[in-house]
Amino acid sequence: MLEQSLPRHIVAMGGGGWGMEPDNPLLDWYIYNLSNKKEPKVCFLATASGDSEEYIARFYQHFTPRPATLSHLSLFKPHTADLKSFILEQDIIYVGGGNTKSLIALWKEWELDDILREAWSQGVILCGLSAGSICWFEEGLTDSIPGKYTPLKCLGFLPGSNCPHYNGEAKRRPAYHQLLSQGLISDGYATDDGVALHFVGDPKGTRQRNHLSNIVSSRPTAMAYRLEVIENQVKEKPLKPKYLGS
């Protein structure tokens, strides 16, 4: 019964955080503070970048100013055979950007998708940007295949689809609209760079039990959007985030 009372957090960033805005930590500290820990355990998953050593090094450099126990998990050079115990020990799982298609394939092969779902059910905060945003939804708009924007089946922790970098890449908005109008991707959310969608709920993956609790931004003019197909037309509803700056 105690486990069922734990909040389940997923923070999906369209782009931003230390990986894109190293001098603007507003989104990162928002996630950090969700843990309510003086020294949370923060683990970085750089799978989508092929576990780039440079990317991992920047993670450690960025979080050093705040009290935290930092770690990372590489699937190319795993430091432990017991991935489950390692992940369940964490307070925050931070997923980096890169190739979402490869990320999903590797996680499933290593059964990390099931481990992350269990971690979420136990109150571990899940977050990430770009590929680390798309991965939590049922579907995402990805550029994993060079030169193309395609729909991708993801983990389904959250309902619907997700499109990051909505204002950062000129072809994303029309591609998302086209796929929606053709029925090739489900209704969902789009986020500009610097915007995060904060979902709270349980691990059941239902629309009723996972709700959009907050929308926050590290940039004063950045926006989020809800996209739905209504009467065979794509409707785009602007969602104004709460700016985290002064």
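## Strands, helices and burial

β1 and β10 run antiparallel and are paired through six bridges. This is a predicted model, in which local features need pLDDT of at least 70 and side-chain atom pairs count only at pLDDT 80 or more, while totals for chains, interfaces and linings use all residues. Residues are numbered from 1 along each chain as its sequence is written, and side-chain values use heavy atoms, with hydrogens and water left out.

Q: What makes β1 and β10 a pair?
A: Two strands pair if DSSP finds at least two bridges between them. β1 and β10 have six bridges, so they count as paired. Within this pairing, Ala12 sits opposite Leu197 in β10.

Q: Which way do β1 and β5 run, and how many bridges join them?
A: They run parallel, with four bridges between them. Here Ala12 faces Gly128 in β5.

Q: Why is β1 called largely enclosed?
A: Six of the six residues of β1 are buried, so the rest of the structure largely encloses this strand. Buried means under 20% relative accessible area, exposed over 50%, and partly exposed in between (1.4 Å probe, protein chains only). Arg8, Ile10 and Ala12 point one way, His9, Val11 and Met13 the other way, and all are buried.

Q: How do you know that Asp192 is buried?
A: Its relative accessible area is 5%, and the cut-off is under 20%, so the word applies. Asp192 lies in the loop between β9 (188-191) and β10.

Q: What does Asp192 touch?
A: Leaving out residues up to four places away in sequence, Asp192 touches Gly14, Gly15, Tyr166, Asn167, Ala222, Met223 and Tyr225. A contact means heavy atoms within 4.5 Å.

Q: What makes β3 and β14 edge strands?
A: β3 (69-73) and β14 (242-243) each have a single partner strand, so one side of each is left without a neighbour in the sheet. The open sheet has eight strands in the order β3-β2-β4-β5-β1-β10-β11-β14, with mixed pairing.

Q: How many bridges join β11 and β14?
A: Strand β11 (residues 210-217) and β14 are joined by two bridges in the parallel sense, and the rule asks for at least two, so they pair. Val216 stands opposite Lys242 in β14.

Q: Why is α1 called mostly covered?
A: Seven of the nine residues in helix α1 (residues 26-34) are buried. Among them are Trp29, Tyr30 and Tyr32. The cover over the buried residues includes α2 (53-63), β4 (92-95) and β11.

Q: What about α5: how many of its residues are buried?
A: In helix α5 (residues 112-121), seven of ten residues are buried, and the helix is mostly covered. Leu112, Ile115 and Trp120 are among the buried ones. Just after α5, Gly123 has a positive phi of about 95°.

Q: How many helices and strands does the protein have, and what makes a run count as one?
A: The protein has seven helices and 14 strands. Helices (H or I, at least four residues) and strands (E, at least two) are DSSP runs, numbered from the N terminus.
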